[in-house]
Amino acid sequence: MGKSKRSYSLVLVMCMVLTLVLSACGGSSGGGETTNGGAEKPVELIWYTIGTPQKDVDRVMEEVSKYTQKKINATIRMKMVDWGDYPQKMQVNVASGEPMDIVFTASGGFDYVQNARKGAFMELDDLLDKYGQDLKKTIDPAFLEGSKVDGHHYGIPANKELPQQEVWRFNNKLLTQYKLDLSNVRSLDSLEPLLKTIKENEPGVTAFGMDKNYVPYVPYDYIIQNLPMAVKLDTTDYKIVNILETPEMKQALKTMHKYYKAGYVSPEAATTGSTNDLTTSGNWFLDRAQTQPLADNLWSASYGYPVISTPASDPIVTNTSVQGSIMAISANSANPEKAMQFLNLLNTDPVLRNMVDSGIEGVHYKKKTDGQYIENLANSKNYDMPSYSLGNNMLLYLNPNDPADKWEQFKKFNSEGKNSPILSFNFDSSKVSAEMAAVQNVKEQFWASLMTGTLDPETNLPKVIEKFKQAGLDKVMVEAQSQLDAWKEKNSK
């Protein structure tokens with residue numbers, strides 16, 4: 001009798017132990033399912049990102065998935081949406097509840113801040129602490145701090161150039177041909193003698209290249225990009241002003257109209273969507289662009305002829321620069337833990353980051369003998385990705401013309417940037433949404449024509465200012481000022 005009780009007890013204990021072991025095997029912090037054999041089934045993560053869809057994206061993601069399955073037991077399906085279609089496509093996806101885990105977002109287009117506030121993205125504070133410790137040690141802290149929305153993390157910014165610095169870019173062939181000196185070039189007005197020379201001697205060349213997105217540089221940071229509310233970079237009172245009423249912008253618009261009348265600017269500038277035709281043909285002399293270390297090398301390699309640049313502004317860290325490339329986790333992600341594990345790996349693991357960026361070694365690129373530099377192969381045209389949108393750039397292999405200290409130059413550039421006085425302030429326009437829509441309509445009608453010099457500011461600027469007022473700009477500015485004052489008080493403690 002006693003013997004049978006002991007045997008029964010032993011069997012019971014063994015069953016309990018076996019049950020606990022099986023339960024432990026079946027558990028998963030990443031939300032994976034178990035197979036009949038007890039192993040965790042890989043999670044598929046759906047990644048939406050911006051860029052011209054590439055022929056070999058599925059082929060590359062197969063190799064990526066082999067790697068990530070070993071590392072975090074997850075596979076990756078990338079869905080690329082073309083540049084112009086991306087904002088609308090992603091808004092439709094959010095509204096319809098389309099399955100997606102990782103989503104590219106930024107300060108413009110598919111807007112990071114507004115979509116975070118609307119609930120499109122998951123709050124990442126806890127996930128970042130639990131699964132992103134390596135990531136937090138790798139990315140410049142200014143990116144993580146500057147990408148917070150209302151005090152919380154909703155996305156992982158790409159570790160790249162931190163400040164926003166404007167430069168004047170020049171077609172060096174023309175610069176050399178006419179022996180033009182850049183030593184005194186900085187302001188918009190300082191360009192006039194150079195533009196005059198090109199106009200008089202090169203009738204088939206656009207002297208000053210620009211499209212409808214061009215805005216003269218003035219030392220202010222915009223509350224909302226390309227709307228006329230801004231704070232001066234050296235402000236002490238944090239007063240929001242109408243940029244069209246500032247002496248700096250009035251002077252800039254006057255100069256732009258002078259350049260337009262002189263024929264330095266294309267008559268179609270206010271309606272042109274891109275200057276790609278100019279850079280492809282080489283029939284331009286100067287334009288303005290945002291820079292980064294070694295940008296001249298990149299532009300020259302891309303265009304097939306030498307391009308050089310000189311500063312048009314100081315390097316300033318703004319919301320636009322910090323939020324220029326962000327990966328968020330969709331609020332309806334079925335696997336947020338795995339998504340964060342993947343983002344942590346992508347931003348810290350050079351093998352994964354370079355595979356996502358450059359493709360498959362031996363198919364799309366080959367390594368040079370030192371292993372630090374790579375050279376594109378013929379198949380690279382089937383996988384040509386926008387590097388800035390894919391994570392930590394400072395893990396990338398070097399291109400043939402890059403110096404060995406390329407990423408050290410980036411770190412130095414980042415450390416020298418000066419913070420905008422309103423860095424990390426994000427205006428919530430929900431209380432003035434009707435006025436914002438009306439202001440946006442006025443902007444669409446007049447902004448590009450003013451900024452490119454197409455309209456004479458002497459007669460048109462007062463009319464445009466009045467149009468903005470009638471649309472409710474003053475009410476929007478009052479609301480923005482109230483929020484900025486509250487933000488400043490909170491952040492000065």
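**View 1. Ala 230 and Val 241 are bridge partners, the latter in β9.** Strands β8 (residues 229-232) and β9 (residues 241-242) pair in the antiparallel sense over 2 bridges; two strands count as paired if DSSP finds at least two bridges between them. Strands (E, at least two residues) and helices (H or I, at least four residues) are DSSP runs, numbered from the N terminus. Everything here comes from a predicted model, where local features need pLDDT of at least 70, side-chain atom pairs count only at pLDDT 80 or more, and totals for chains, interfaces and linings use all residues. Residues are numbered from 1 along each chain as its sequence is written, and side-chain values use heavy atoms, with hydrogens and water left out.

**View 2. Three strands make an open sheet in the order β7-β8-β9, with antiparallel pairing.** Which strands stand at the edges? They are β7 and β9, each with a single partner strand, so one side of each has no neighbour in the sheet. Between β7 and β8 there are 3 bridges, again antiparallel, and Asp 221 stands opposite Val 231 of β8. The hairpin of these two strands has 6 residues between them, and there Asn 226 takes a positive phi near 65°.

**View 3. Helix α17 (residues 433-451) has a kink of about 40°, centred on Glu 444.** The bend at a residue is the angle between axes fitted to the seven residues ending there and the seven starting there. How many residues does α17 have, and what span should they cover? Its 19 residues should span 27 Å at 1.5 Å a residue, which agrees with the 25 Å between its end C-alpha atoms; the expected span is 1.5 Å times one less than the number of residues. Buried residues of α17 include Met 436, Val 439, Val 442 and Trp 447, where buried means under 20% relative accessible area, exposed over 50% and partly exposed in between (1.4 Å probe, protein chains only). The buried residues of this helix pack against β7 (220-222), α10 (247-261), α18 (457-471) and α19 (473-491). After α17 comes Gly 453, with a positive phi near 85°.

**View 4. Phe 208 and Tyr 214 form an aromatic pair.** A search of the whole structure finds 16 aromatic pairs. The ring centres of Phe 208 and Tyr 214 are 5.7 Å apart with planes at 80°, so this pair is edge-to-face. Rings of Phe, Tyr and Trp (its six-membered ring) pair if their centres lie within 6.5 Å; planes under 30 degrees apart count as stacked, over 60 as edge-to-face and the rest as tilted. Phe 208 is buried at 1% relative accessible area, and Tyr 214 is buried at 7%.

**View 5. Tyr 48 sits in strand β1 (residues 43-50).** Is Tyr 48 buried or exposed? At 4% relative accessibility, Tyr 48 counts as buried. Leaving out residues up to four places away in sequence, Tyr 48 touches several others, among them Lys 79, Tyr 86, Ile 102 and Phe 104; contact means heavy atoms within 4.5 Å. Tyr 48 and Ile 102 are 54 residues apart in sequence, with their C-alpha atoms 6.2 Å apart in space.
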